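These are my notebook entries on a structure I looked up, written down in the order in which I went through it.

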Amino acid sequence: MTDENFEEYRPLLFSIAYRMLGSAMDAEDIVQEAWLRYQRAEKQEIESPKAYLSAIVTRLCINQLNSARVQREKYIGPWLPEPILTEGTALTVTPSQHLSQFDSISMAFLVLLERLTPAERAVFLLRSVFDYDYSEIAAIIGKSEAACRQLFSRARRHVMAQRPRFDSSPAEHERLVNSFLQAVQEGDVDGLTHMLSEDVVVWTDGGGKVFAALQPVHGPEKAARFILGSRRFAPGPFTTEVAPVNGQPAVVLRTETGQAFLVISIEASHDQIQAFHVIGNPDKLRHL
């Protein structure tokens, strides 16, 4: 397979790896490793390049997730996925009708996937998002079809039971984001509190490298004061923009040089903000 042929599969492979790992940088490394392994393989033994590459990527991701669990146990504060701009990216591979394209890369959904085992996560994504048959999934992860069906059933039950219900329309979501941004810029604690649900929660990921709450912040009053109080930790002058992050409008803060130093993703329902995912770990923002 030539470089040009490989590019046809790159969006699919990257989409699988990013959803598996929650990291664009790690996903790119996995895709590159898959290409290198394909280059070294005996081509006459490969019936389907797509199936072969999907298997390599999935297995590499499972291995990395198994080792990452130990690392994340030592992570300082909550661990959140690496945000990615989703306008015109390789993540726009058409998935199945069961999970919409952007639902399957939302912050809330990726965080939920963290609660599955690596094998459950692989089977659930390959089946629900990418429409692989059980026979294909069995060959990819090296288990029987029956075992894959069991893994999918268990993962689906967990996801359906735990999946938060964020049902704001795109227009409502964007309006809430802009209203939130205006309240923060004006320091309007009452206005900000009013747009938060009673069970709102703020998750912050600083990785021990920048200011962040070590535990989730619950409740509208605490959440509003925490967010407004966090402004004093900004690294000098900055600009603010609303950009498509993981399929939804989000707030991106940049330094004067243009480097993102904070991403605020919002989950909303019934015209209120239900959750914030705030990523400030600089290692997760370099590609933005």
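This is a predicted model: local features need pLDDT of at least 70, side-chain atom pairs count only at pLDDT 80 or more; totals for chains, interfaces and linings use all residues.

Entry 1, helix α7 and its partners. I looked up helix α5 (residues 118–128) against α7 and found that their axes come within 8 Å and cross at roughly 90°. As 65 to 115 degrees counts as roughly perpendicular, α5 is therefore roughly perpendicular to α7. On the α5 side I listed Ala-119, Glu-120, Val-123, Phe-124, Arg-127 and Ser-128, and on the α7 side Cys-148, Leu-151, Phe-152, Arg-154, Ala-155, Arg-156 and Val-159. Sorted by class, the residues of this contact are 8 nonpolar, 1 polar and 4 charged.

I then turned to helix α6 (residues 134–141), which packs on helix α7 (residues 145–162) at an angle of about 100°, with the axes 9 Å apart. That angle makes α6 roughly perpendicular to α7. Tyr-134, Ser-135, Ile-137, Ala-138 and Ile-141 of α6 meet Glu-145, Cys-148, Arg-149, Leu-151 and Phe-152 of α7. In this contact I recorded 7 nonpolar, 1 polar and 2 charged residues.

Entry 2, the sheet. I traced an open sheet of 6 strands, ordered β2-β1-β6-β5-β4-β3, with mixed pairing. Because β2 (217–218) and β3 stand at the edges and each has a single partner strand, one side of each is left without a neighbour in the sheet. I found that α10 packs on the sheet and touches β1, β2 and β6, its direction making about 40° with that of β1.

Going strand by strand, I noted that β3 and β4 pair in the antiparallel sense over 8 bridges, and that Val-242 stands opposite Val-251 in β4. The two strands, β3 and β4, form a hairpin with 2 residues between them, and in its turn Asn-246 has a positive phi of about 50°. I also found β5 and β6 running antiparallel, joined by 7 bridges, with Glu-267 opposite Ala-275 in β6.

How much space lies in the largest pocket, I asked? The computed figure is about 640 Å³. Its lining has 32 residues, and those nearest its centre are Ser-230, Ala-234, Leu-253, Phe-261 and Leu-262. The elements giving two or more residues to this lining are α8 (170–186), β1 (196–205), α10 (220–229), β3 (238–245), β4 (248–255), β5 (260–269) and β6 (272–279). By class I recorded 23 nonpolar, 7 polar and 2 charged residues in the lining of the largest pocket.

Conventions:
Residues are numbered from 1 along each chain as its sequence is written. Side-chain values use heavy atoms; hydrogens and water are left out. On a 1 Å grid over the protein atoms alone, a cavity is a set of points where a 1.4 Å probe fits but cannot get out, and a pocket is an open set with protein on both sides within 12 Å along at least five of seven lines; lining residues have an atom within 4 Å of a point. Grid points are joined across faces, edges and corners, and a volume is the space filled by probe spheres set on the points. Helices (H or I, at least four residues) and strands (E, at least two) are DSSP runs, numbered from the N terminus. Ala, Val, Leu, Ile, Met, Phe, Trp, Tyr, Cys and Pro count as nonpolar, Asp, Glu, Lys and Arg as charged, and the others, Gly among them, as polar. Axes are lines fitted to C-alpha atoms, for helices over the stretch in contact, and angles run from 0 to 180 degrees between N-to-C directions. Angles under 35 degrees count as roughly parallel, over 145 as roughly antiparallel, 65 to 115 as roughly perpendicular and the rest as oblique. Contact means heavy atoms within 4.5 Å. Two strands pair if DSSP finds at least two bridges between them.
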